[in-house]
Amino acid sequence: MRRKPKLQPKKGKPVNAIDQWTTPPRKFETIAIIGAGAYGTALASVAARAGRRVRIFGRRAETVNDINKNRRNSAYLGDEPLPEGIEAFTDLKAALLGADAALLVVPSAGIREMSCAMRPHSSRSMPVVICAKGIEPNSGLLLSDVVREEMPGQPVAALSGPTFADEVVADMPTTVTIAAELAPGETLEDGLAARLALSLSAGSFRAYVSDDLIGVETGGAMKNVIAIACGISRGAGFRANMTAALITRGLAEMTQLATKLGGSADTISGLSGLGDLTLTCSSEQSRNLRFGLQLGAGAKREQTFDGAPVIVEGVRNSVSVTDLARKLGLTLPICEAVRAIVHDNADIVTTLGMLWSRPLEAESHEIDVTIGHPNASEAREKIEGLIGC
Ligand SMILES: NC(=O)c1ccc[n+]([C@@H]2O[C@H](COP(=O)([O-])OP(=O)(O)OC[C@H]3O[C@@H](n4cnc5c(N)ncnc54)[C@H](O)[C@@H]3O)[C@@H](O)[C@H]2O)c1
Ligand SMILES: O=P(O)(O)OC[C@H](O)CO
(Lines give C-alpha, C1' and ligand atoms only; values in the text may rest on other atoms or scores of the structure.)
(Ligands and ions follow the chains in the order given, each with its own letter.)
Protein backbone atom coordinates (compact mmCIF):
# COMPACT_ATOMS: atom_id res chain seq x y z
CA MET A 1 0.00 0.00 0.00
CA ARG A 2 1.20 3.52 -0.87
CA ARG A 3 2.42 5.54 2.12
CA LYS A 4 0.27 8.57 2.94
CA PRO A 5 2.44 11.42 4.20
CA LYS A 6 0.75 13.52 6.87
CA LEU A 7 1.04 17.27 7.27
CA GLN A 8 2.63 18.36 10.54
CA PRO A 9 0.93 21.62 11.55
CA LYS A 10 3.36 24.26 12.88
CA LYS A 11 2.86 25.32 16.49
CA GLY A 12 2.18 28.98 17.35
CA LYS A 13 -0.44 31.56 16.45
CA PRO A 14 -1.35 31.66 12.75
CA VAL A 15 -1.58 35.07 11.09
CA ASN A 16 -5.03 36.28 9.99
CA ALA A 17 -6.59 32.87 10.64
CA ILE A 18 -10.36 32.69 10.91
CA ASP A 19 -10.21 31.00 14.31
CA GLN A 20 -8.05 33.89 15.61
CA TRP A 21 -10.37 36.69 14.43
CA THR A 22 -11.62 39.07 17.16
CA THR A 23 -14.90 37.19 17.49
CA PRO A 24 -14.45 33.85 15.68
CA PRO A 25 -17.67 32.89 13.91
CA ARG A 26 -19.85 30.17 15.45
CA LYS A 27 -19.46 26.69 13.95
CA PHE A 28 -22.32 24.70 12.45
CA GLU A 29 -22.65 21.53 14.53
CA THR A 30 -24.79 19.19 12.43
CA ILE A 31 -24.08 18.98 8.72
CA ALA A 32 -26.31 17.19 6.19
CA ILE A 33 -24.62 15.97 3.04
CA ILE A 34 -27.01 15.47 0.13
CA GLY A 35 -25.51 12.95 -2.29
CA ALA A 36 -23.54 9.85 -1.30
CA GLY A 37 -21.35 9.60 -4.41
CA ALA A 38 -17.58 10.03 -4.41
CA TYR A 39 -17.49 13.71 -3.49
CA GLY A 40 -20.42 13.71 -1.07
CA THR A 41 -18.81 10.90 0.90
CA ALA A 42 -15.42 12.61 0.82
CA LEU A 43 -16.94 15.84 2.18
CA ALA A 44 -18.79 13.83 4.83
CA SER A 45 -15.37 12.55 5.96
CA VAL A 46 -14.02 16.11 6.06
CA ALA A 47 -16.92 17.30 8.21
CA ALA A 48 -16.67 14.29 10.53
CA ARG A 49 -12.91 14.80 10.99
CA ALA A 50 -13.60 18.44 11.84
CA GLY A 51 -15.81 17.19 14.68
CA ARG A 52 -19.20 17.78 13.07
CA ARG A 53 -22.18 15.46 13.42
CA VAL A 54 -22.77 14.24 9.84
CA ARG A 55 -25.96 12.92 8.24
CA ILE A 56 -25.57 11.83 4.62
CA PHE A 57 -28.38 11.14 2.14
CA GLY A 58 -27.94 8.56 -0.63
CA ARG A 59 -30.48 7.22 -3.12
CA ARG A 60 -29.09 3.67 -3.15
CA ALA A 61 -29.79 1.43 -0.16
CA GLU A 62 -26.58 -0.61 -0.74
CA THR A 63 -24.45 2.50 -0.50
CA VAL A 64 -26.23 3.70 2.63
CA ASN A 65 -25.83 0.25 4.25
CA ASP A 66 -22.18 0.09 3.24
CA ILE A 67 -21.52 3.45 4.93
CA ASN A 68 -23.46 2.56 8.11
CA LYS A 69 -22.29 -1.06 8.49
CA ASN A 70 -18.82 -1.18 6.95
CA ARG A 71 -17.71 2.47 7.27
CA ARG A 72 -16.88 2.38 3.55
CA ASN A 73 -18.44 3.53 0.30
CA SER A 74 -17.00 0.76 -1.84
CA ALA A 75 -19.07 1.62 -4.93
CA TYR A 76 -17.39 5.03 -5.21
CA LEU A 77 -14.28 5.08 -3.03
CA GLY A 78 -12.97 1.52 -2.80
CA ASP A 79 -11.62 0.35 0.55
CA GLU A 80 -10.81 3.76 2.00
CA PRO A 81 -12.15 3.72 5.59
CA LEU A 82 -14.54 6.51 6.61
CA PRO A 83 -14.18 8.25 9.98
CA GLU A 84 -16.64 7.73 12.84
CA GLY A 85 -19.52 10.15 13.15
CA ILE A 86 -21.23 9.70 9.79
CA GLU A 87 -24.80 8.39 9.68
CA ALA A 88 -26.32 7.55 6.28
CA PHE A 89 -29.99 7.62 5.22
CA THR A 90 -32.06 6.81 2.15
CA ASP A 91 -34.75 9.12 3.54
CA LEU A 92 -34.08 12.77 2.65
CA LYS A 93 -36.25 14.08 5.50
CA ALA A 94 -34.31 12.01 8.05
CA ALA A 95 -30.95 13.21 6.66
CA LEU A 96 -32.03 16.85 6.98
CA LEU A 97 -33.46 16.46 10.49
CA GLY A 98 -31.72 18.94 12.82
CA ALA A 99 -29.21 19.98 10.15
CA ASP A 100 -27.60 23.39 10.72
CA ALA A 101 -26.13 23.44 7.18
CA ALA A 102 -26.47 21.22 4.10
CA LEU A 103 -23.85 20.47 1.46
CA LEU A 104 -25.50 19.73 -1.89
CA VAL A 105 -23.25 17.22 -3.66
CA VAL A 106 -25.22 15.73 -6.55
CA PRO A 107 -24.24 16.35 -10.19
CA SER A 108 -25.27 19.76 -11.60
CA ALA A 109 -28.09 18.06 -13.57
CA GLY A 110 -29.75 17.05 -10.29
CA ILE A 111 -29.49 20.35 -8.38
CA ARG A 112 -32.92 21.76 -9.28
CA GLU A 113 -34.81 18.55 -8.55
CA MET A 114 -32.89 17.91 -5.35
CA SER A 115 -33.27 21.41 -3.93
CA CYS A 116 -36.99 21.25 -4.70
CA ALA A 117 -37.18 17.94 -2.78
CA MET A 118 -35.20 19.41 0.15
CA ARG A 119 -37.39 22.45 0.59
CA PRO A 120 -40.19 20.97 2.76
CA HIS A 121 -37.65 19.35 5.13
CA SER A 122 -35.24 22.26 5.58
CA SER A 123 -35.27 24.90 8.28
CA ARG A 124 -35.42 28.37 6.66
CA SER A 125 -32.14 29.42 8.27
CA MET A 126 -30.19 26.35 7.06
CA PRO A 127 -27.54 27.37 4.51
CA VAL A 128 -27.35 25.27 1.35
CA VAL A 129 -23.78 24.90 0.10
CA ILE A 130 -23.44 24.01 -3.57
CA CYS A 131 -20.55 21.63 -4.16
CA ALA A 132 -21.45 20.68 -7.75
CA LYS A 133 -19.86 22.47 -10.68
CA GLY A 134 -22.06 23.77 -13.45
CA ILE A 135 -24.36 26.30 -15.09
CA GLU A 136 -27.94 25.27 -15.82
CA PRO A 137 -28.68 24.70 -19.53
CA ASN A 138 -31.36 26.90 -21.16
CA SER A 139 -31.81 29.24 -18.19
CA GLY A 140 -28.05 29.97 -17.99
CA LEU A 141 -28.44 30.23 -14.23
CA LEU A 142 -25.63 29.65 -11.77
CA LEU A 143 -26.50 26.74 -9.47
CA SER A 144 -26.85 29.16 -6.54
CA ASP A 145 -29.63 30.91 -8.47
CA VAL A 146 -31.28 27.57 -9.22
CA VAL A 147 -31.32 26.81 -5.48
CA ARG A 148 -32.65 30.30 -4.72
CA GLU A 149 -35.51 29.70 -7.15
CA GLU A 150 -36.40 26.34 -5.59
CA MET A 151 -35.74 27.30 -1.95
CA PRO A 152 -36.64 31.00 -1.74
CA GLY A 153 -35.08 32.82 1.19
CA GLN A 154 -32.60 30.02 1.98
CA PRO A 155 -29.00 31.20 2.59
CA VAL A 156 -26.76 29.92 -0.22
CA ALA A 157 -23.00 29.36 -0.52
CA ALA A 158 -20.60 27.48 -2.84
CA LEU A 159 -17.63 25.28 -2.04
CA SER A 160 -15.21 24.74 -4.91
CA GLY A 161 -11.54 24.15 -5.63
CA PRO A 162 -8.94 21.56 -6.67
CA THR A 163 -10.28 18.47 -4.91
CA PHE A 164 -10.20 14.89 -6.16
CA ALA A 165 -12.58 12.96 -3.91
CA ASP A 166 -10.25 10.02 -3.32
CA GLU A 167 -7.50 12.32 -2.04
CA VAL A 168 -9.98 14.18 0.17
CA VAL A 169 -11.35 11.01 1.73
CA ALA A 170 -7.79 9.79 2.37
CA ASP A 171 -7.09 13.05 4.27
CA MET A 172 -4.47 14.20 1.79
CA PRO A 173 -3.74 17.97 1.88
CA THR A 174 -6.53 19.85 0.11
CA THR A 175 -7.63 23.47 -0.25
CA VAL A 176 -10.99 24.91 -1.29
CA THR A 177 -12.69 28.28 -1.53
CA ILE A 178 -16.03 28.78 0.21
CA ALA A 179 -18.01 31.72 -1.11
CA ALA A 180 -21.17 33.41 0.08
CA GLU A 181 -22.51 36.89 -0.58
CA LEU A 182 -22.38 39.31 2.34
CA ALA A 183 -25.59 40.71 3.78
CA PRO A 184 -25.69 44.52 4.08
CA GLY A 185 -23.34 45.59 6.91
CA GLU A 186 -21.79 42.12 7.17
CA THR A 187 -18.03 41.56 6.78
CA LEU A 188 -16.13 38.51 5.62
CA GLU A 189 -15.28 37.92 9.29
CA ASP A 190 -18.87 37.39 10.40
CA GLY A 191 -20.26 36.07 7.11
CA LEU A 192 -21.59 32.64 6.19
CA ALA A 193 -18.45 31.62 4.28
CA ALA A 194 -16.32 32.09 7.41
CA ARG A 195 -18.71 30.03 9.55
CA LEU A 196 -18.61 27.22 7.00
CA ALA A 197 -14.82 27.41 6.63
CA LEU A 198 -14.37 27.17 10.38
CA SER A 199 -16.85 24.28 10.60
CA LEU A 200 -15.08 22.20 7.93
CA SER A 201 -11.37 23.04 8.15
CA ALA A 202 -9.28 20.60 10.15
CA GLY A 203 -6.05 18.69 9.65
CA SER A 204 -5.29 18.46 5.96
CA PHE A 205 -8.43 20.26 4.77
CA ARG A 206 -8.14 24.04 4.56
CA ALA A 207 -10.86 26.39 3.35
CA TYR A 208 -10.33 29.97 2.21
CA VAL A 209 -13.25 32.41 2.18
CA SER A 210 -14.67 34.74 -0.45
CA ASP A 211 -17.76 36.85 -1.06
CA ASP A 212 -17.56 36.29 -4.85
CA LEU A 213 -20.12 33.57 -5.44
CA ILE A 214 -20.31 34.39 -9.16
CA GLY A 215 -16.55 34.09 -9.69
CA VAL A 216 -16.28 30.84 -7.73
CA GLU A 217 -19.21 29.18 -9.48
CA THR A 218 -18.28 30.34 -12.99
CA GLY A 219 -14.70 29.10 -12.64
CA GLY A 220 -15.88 25.70 -11.38
CA ALA A 221 -18.35 25.28 -14.24
CA MET A 222 -15.87 26.24 -16.97
CA LYS A 223 -12.68 24.47 -15.89
CA ASN A 224 -14.22 21.10 -16.77
CA VAL A 225 -14.87 22.23 -20.35
CA ILE A 226 -11.26 23.37 -20.72
CA ALA A 227 -10.06 20.05 -19.23
CA ILE A 228 -11.98 18.21 -21.96
CA ALA A 229 -10.20 20.41 -24.55
CA CYS A 230 -6.81 19.49 -23.03
CA GLY A 231 -7.73 15.81 -23.09
CA ILE A 232 -8.90 15.93 -26.71
CA SER A 233 -5.74 17.71 -27.76
CA ARG A 234 -3.42 15.27 -25.98
CA GLY A 235 -5.45 12.27 -27.14
CA ALA A 236 -5.18 13.49 -30.74
CA GLY A 237 -1.39 13.69 -30.48
CA PHE A 238 -0.74 17.35 -29.71
CA ARG A 239 1.86 18.01 -27.08
CA ALA A 240 2.82 20.14 -24.10
CA ASN A 241 2.89 23.56 -25.82
CA MET A 242 -0.70 23.06 -26.95
CA THR A 243 -1.80 22.03 -23.44
CA ALA A 244 -0.19 25.13 -21.93
CA ALA A 245 -1.91 27.30 -24.54
CA LEU A 246 -5.32 25.73 -23.86
CA ILE A 247 -4.94 26.15 -20.10
CA THR A 248 -3.84 29.79 -20.38
CA ARG A 249 -6.36 30.84 -23.02
CA GLY A 250 -8.99 28.76 -21.21
CA LEU A 251 -8.28 30.81 -18.11
CA ALA A 252 -8.81 33.94 -20.22
CA GLU A 253 -12.22 32.58 -21.31
CA MET A 254 -13.12 31.85 -17.68
CA THR A 255 -12.12 35.40 -16.72
CA GLN A 256 -14.14 36.92 -19.56
CA LEU A 257 -17.38 35.15 -18.65
CA ALA A 258 -16.97 35.55 -14.89
CA THR A 259 -16.30 39.29 -15.09
CA LYS A 260 -19.14 39.80 -17.57
CA LEU A 261 -21.46 38.15 -15.03
CA GLY A 262 -20.16 40.43 -12.26
CA GLY A 263 -17.51 38.16 -10.72
CA SER A 264 -13.90 39.13 -10.11
CA ALA A 265 -10.80 38.27 -12.16
CA ASP A 266 -9.00 37.85 -8.84
CA THR A 267 -11.29 34.94 -7.94
CA ILE A 268 -10.56 33.26 -11.29
CA SER A 269 -6.86 33.38 -10.48
CA GLY A 270 -7.59 31.63 -7.16
CA LEU A 271 -8.22 28.05 -6.05
CA SER A 272 -11.67 27.68 -7.58
CA GLY A 273 -10.39 29.01 -10.93
CA LEU A 274 -6.74 28.56 -11.81
CA GLY A 275 -6.24 26.04 -8.99
CA ASP A 276 -8.97 23.71 -10.16
CA LEU A 277 -8.13 24.28 -13.83
CA THR A 278 -4.51 23.24 -13.21
CA LEU A 279 -5.58 20.12 -11.33
CA THR A 280 -8.20 19.01 -13.82
CA CYS A 281 -6.16 19.71 -16.94
CA SER A 282 -3.03 17.99 -15.68
CA SER A 283 -4.08 14.86 -13.79
CA GLU A 284 -5.53 11.72 -15.31
CA GLN A 285 -7.53 11.29 -12.12
CA SER A 286 -9.89 13.79 -13.77
CA ARG A 287 -12.94 12.31 -15.47
CA ASN A 288 -13.18 15.34 -17.75
CA LEU A 289 -9.56 15.01 -18.89
CA ARG A 290 -9.91 11.25 -19.40
CA PHE A 291 -13.12 11.74 -21.38
CA GLY A 292 -11.27 14.16 -23.67
CA LEU A 293 -8.29 11.82 -24.01
CA GLN A 294 -10.59 9.03 -25.18
CA LEU A 295 -12.38 11.28 -27.69
CA GLY A 296 -9.06 12.61 -28.96
CA ALA A 297 -7.83 9.05 -29.48
CA GLY A 298 -10.85 8.34 -31.69
CA ALA A 299 -13.58 7.01 -29.36
CA LYS A 300 -17.18 8.04 -29.97
CA ARG A 301 -18.86 9.78 -27.04
CA GLU A 302 -20.94 6.72 -26.15
CA GLN A 303 -17.83 4.48 -26.19
CA THR A 304 -15.98 6.47 -23.52
CA PHE A 305 -15.43 4.74 -20.14
CA ASP A 306 -16.61 1.53 -21.88
CA GLY A 307 -20.14 2.93 -21.86
CA ALA A 308 -20.29 3.33 -18.05
CA PRO A 309 -22.43 6.26 -16.83
CA VAL A 310 -19.56 8.43 -15.53
CA ILE A 311 -20.33 12.04 -14.52
CA VAL A 312 -18.41 14.31 -16.92
CA GLU A 313 -19.69 17.78 -16.06
CA GLY A 314 -17.90 19.48 -18.97
CA VAL A 315 -20.11 17.68 -21.51
CA ARG A 316 -23.36 19.37 -20.54
CA ASN A 317 -21.58 22.55 -19.45
CA SER A 318 -19.89 23.08 -22.82
CA VAL A 319 -23.42 23.82 -24.06
CA SER A 320 -24.65 25.85 -21.09
CA VAL A 321 -21.46 27.94 -20.95
CA THR A 322 -21.37 28.75 -24.69
CA ASP A 323 -25.13 29.45 -24.82
CA LEU A 324 -24.75 31.88 -21.94
CA ALA A 325 -21.66 33.51 -23.50
CA ARG A 326 -23.41 33.90 -26.87
CA LYS A 327 -26.38 35.56 -25.14
CA LEU A 328 -23.95 37.99 -23.49
CA GLY A 329 -22.16 38.74 -26.79
CA LEU A 330 -18.95 36.94 -25.84
CA THR A 331 -16.98 34.48 -27.97
CA LEU A 332 -15.26 31.66 -26.12
CA PRO A 333 -13.32 29.81 -28.84
CA ILE A 334 -12.05 26.88 -26.75
CA CYS A 335 -15.43 26.18 -25.12
CA GLU A 336 -17.05 26.48 -28.58
CA ALA A 337 -14.53 23.99 -30.00
CA VAL A 338 -15.33 21.49 -27.23
CA ARG A 339 -19.05 21.90 -27.84
CA ALA A 340 -18.60 21.39 -31.60
CA ILE A 341 -16.50 18.24 -31.14
CA VAL A 342 -18.54 16.68 -28.32
CA HIS A 343 -22.06 17.57 -29.42
CA ASP A 344 -21.87 18.21 -33.18
CA ASN A 345 -19.32 15.56 -34.10
CA ALA A 346 -17.01 18.19 -35.56
CA ASP A 347 -13.68 16.93 -36.83
CA ILE A 348 -11.10 17.24 -34.04
CA VAL A 349 -8.07 18.35 -36.04
CA THR A 350 -9.98 20.88 -38.14
CA THR A 351 -11.72 22.30 -35.07
CA LEU A 352 -8.54 22.62 -32.99
CA GLY A 353 -6.74 23.97 -36.09
CA MET A 354 -9.35 26.72 -36.34
CA LEU A 355 -8.28 27.98 -32.91
CA TRP A 356 -4.85 28.73 -34.38
CA SER A 357 -6.12 30.37 -37.56
CA ARG A 358 -8.36 32.94 -35.87
CA PRO A 359 -7.42 36.59 -36.37
CA LEU A 360 -4.50 37.61 -34.21
CA GLU A 361 -5.43 39.67 -31.20
CA ALA A 362 -4.08 41.40 -28.12
CA GLU A 363 -3.50 38.98 -25.24
CA SER A 364 -5.28 41.21 -22.71
CA HIS A 365 -9.04 41.36 -22.99
CA GLU A 366 -8.95 44.89 -21.72
CA ILE A 367 -7.47 45.89 -25.12
CA ASP A 368 -10.03 45.33 -27.86
CA VAL A 369 -7.85 44.68 -30.94
CA THR A 370 -7.95 42.03 -33.61
CA ILE A 371 -5.30 41.85 -36.28
CA GLY A 372 -6.18 40.07 -39.53
CA HIS A 373 -4.33 36.76 -39.83
CA PRO A 374 -2.23 36.97 -42.96
CA ASN A 375 -1.77 33.23 -43.28
CA ALA A 376 -4.93 31.57 -41.99
CA SER A 377 -4.96 28.68 -44.46
CA GLU A 378 -1.24 28.18 -44.05
CA ALA A 379 -1.68 27.95 -40.28
CA ARG A 380 -4.38 25.31 -40.63
CA GLU A 381 -2.32 23.26 -43.10
CA LYS A 382 0.64 23.39 -40.75
CA ILE A 383 -1.42 22.13 -37.83
CA GLU A 384 -2.94 19.32 -39.88
CA GLY A 385 0.51 18.41 -41.19
CA LEU A 386 1.89 18.26 -37.66
CA ILE A 387 -0.22 15.29 -36.71
CA GLY A 388 -0.13 13.73 -40.12
CA CYS A 389 -3.62 14.43 -41.54
N1 LIG B 1 -15.51 13.40 -7.52
C2 LIG B 1 -14.73 14.45 -7.33
O3 LIG B 1 -13.52 14.33 -7.20
C4 LIG B 1 -15.36 15.84 -7.26
C5 LIG B 1 -14.60 16.87 -6.72
C6 LIG B 1 -15.14 18.15 -6.69
C7 LIG B 1 -16.41 18.39 -7.17
N8 LIG B 1 -17.12 17.35 -7.68
C9 LIG B 1 -18.45 17.67 -8.17
O10 LIG B 1 -19.43 17.06 -7.34
C11 LIG B 1 -20.59 16.72 -8.10
C12 LIG B 1 -20.91 15.27 -7.83
O13 LIG B 1 -19.84 14.51 -8.34
P14 LIG B 1 -19.44 13.08 -7.74
O15 LIG B 1 -18.05 12.84 -8.16
O16 LIG B 1 -19.79 12.95 -6.32
O17 LIG B 1 -20.39 12.15 -8.62
P18 LIG B 1 -20.71 10.61 -8.35
O19 LIG B 1 -21.12 10.04 -9.65
O20 LIG B 1 -19.61 9.96 -7.61
O21 LIG B 1 -21.96 10.67 -7.36
C22 LIG B 1 -23.11 11.37 -7.66
C23 LIG B 1 -24.18 11.09 -6.60
O24 LIG B 1 -25.35 11.83 -6.94
C25 LIG B 1 -26.44 10.92 -7.19
N26 LIG B 1 -27.12 11.43 -8.38
C27 LIG B 1 -26.76 11.24 -9.66
N28 LIG B 1 -27.61 11.91 -10.49
C29 LIG B 1 -28.52 12.51 -9.68
C30 LIG B 1 -29.65 13.31 -9.91
N31 LIG B 1 -30.01 13.65 -11.15
N32 LIG B 1 -30.34 13.75 -8.85
C33 LIG B 1 -29.98 13.43 -7.59
N34 LIG B 1 -28.92 12.65 -7.31
C35 LIG B 1 -28.20 12.21 -8.33
C36 LIG B 1 -25.83 9.55 -7.41
O37 LIG B 1 -26.75 8.54 -6.99
C38 LIG B 1 -24.59 9.63 -6.52
O39 LIG B 1 -24.92 9.35 -5.19
C40 LIG B 1 -20.23 17.05 -9.56
O41 LIG B 1 -20.76 18.32 -9.91
C42 LIG B 1 -18.71 17.13 -9.56
O43 LIG B 1 -18.20 18.01 -10.54
C44 LIG B 1 -16.64 16.09 -7.72
O1 LIG C 1 -12.91 14.19 -12.09
P2 LIG C 1 -13.43 15.52 -12.56
O3 LIG C 1 -12.88 15.92 -13.88
O4 LIG C 1 -14.92 15.60 -12.48
O5 LIG C 1 -12.86 16.62 -11.54
C6 LIG C 1 -13.18 16.51 -10.18
C7 LIG C 1 -13.06 17.83 -9.48
O8 LIG C 1 -13.89 18.79 -10.05
C9 LIG C 1 -11.65 18.32 -9.35
O10 LIG C 1 -11.62 19.47 -8.54
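This is a predicted model: local features need pLDDT of at least 70, side-chain atom pairs count only at pLDDT 80 or more; totals for chains, interfaces and linings use all residues.
Residues are numbered from 1 along each chain as its sequence is written, and chains are lettered from A and ligands numbered from 1 in the order in which they are written.

Let me begin with the record. An unreviewed UniProt entry gives a "binding site" annotation that includes Tyr39, Lys133, Ala165 and Glu313, and the UniProt entry, again unreviewed, puts the feature "active site" at Lys223. The UniProt positions are given in the numbering used here, with feature names shortened, and such annotations may be inferred rather than shown by experiment.

Tyrosine 39 belongs to helix α1, residues 38–49, where helices are DSSP runs of H or I with at least four residues, strands are runs of E with at least two, and both are numbered from the N terminus. Is tyrosine 39 buried or exposed? Tyrosine 39 is buried, because 27 other C-beta atoms lie within 10 Å; the rule is that 20 or more make a residue buried, 12 or fewer make it exposed, and anything in between is partly exposed, with C-beta atoms placed from the backbone.

If we leave aside neighbours within four places in sequence, tyrosine 39 is in contact with Val105, Cys131 and Ala165, contact being C-beta atoms, placed from the backbone, that lie within 7 Å. Alanine 165, which sits in helix α7 (residues 165–169), is itself buried, since 22 other C-beta atoms lie within 10 Å. Not counting residues up to four places away in sequence, alanine 165 touches Ala38, Tyr39, Ala42 and Leu77.

Staying with α1 for a moment, this helix has 12 residues and spans 17 Å from its first C-alpha to its last, close to the expected 16 Å, a value calculated as 1.5 Å times one less than the number of residues. Of the 12 residues in α1, 12 are buried, and the helix is followed by glycine 51, whose phi is positive, near 95°.

Now to the residue marked as the active site. Lysine 223 lies in helix α9 and counts as buried because it has 32 C-beta neighbours inside 10 Å. Apart from neighbours within four places in sequence, lysine 223 is in contact with Met254, Asp276, Leu277 and Thr280.

Helix α9 runs over residues 213–235 and reaches 34 Å, close to the 33 Å expected for its 23 residues, and 23 of those 23 are buried. After α9 comes glycine 237, with a positive phi near 110°.

How do α9 and α14 meet? Residues of α9, among them Ala221, Met222 and Asn224, meet Glu313, Gly314, Asn317, Ser318 and Val321 in α14.

Finally, serine 108 is placed in the loop between β4 (101–104) and α5 (111–118), and serine 108 is buried, because 23 other C-beta atoms lie within 10 Å. Leaving aside neighbours within four places in sequence, serine 108 is in contact with Ala132, Lys133, Gly134, Leu143 and Glu313, and the "binding site" annotation covers Lys133 and Glu313.

How values were computed. Two residues are in contact if their C-beta atoms, placed from the backbone, lie within 7 Å.
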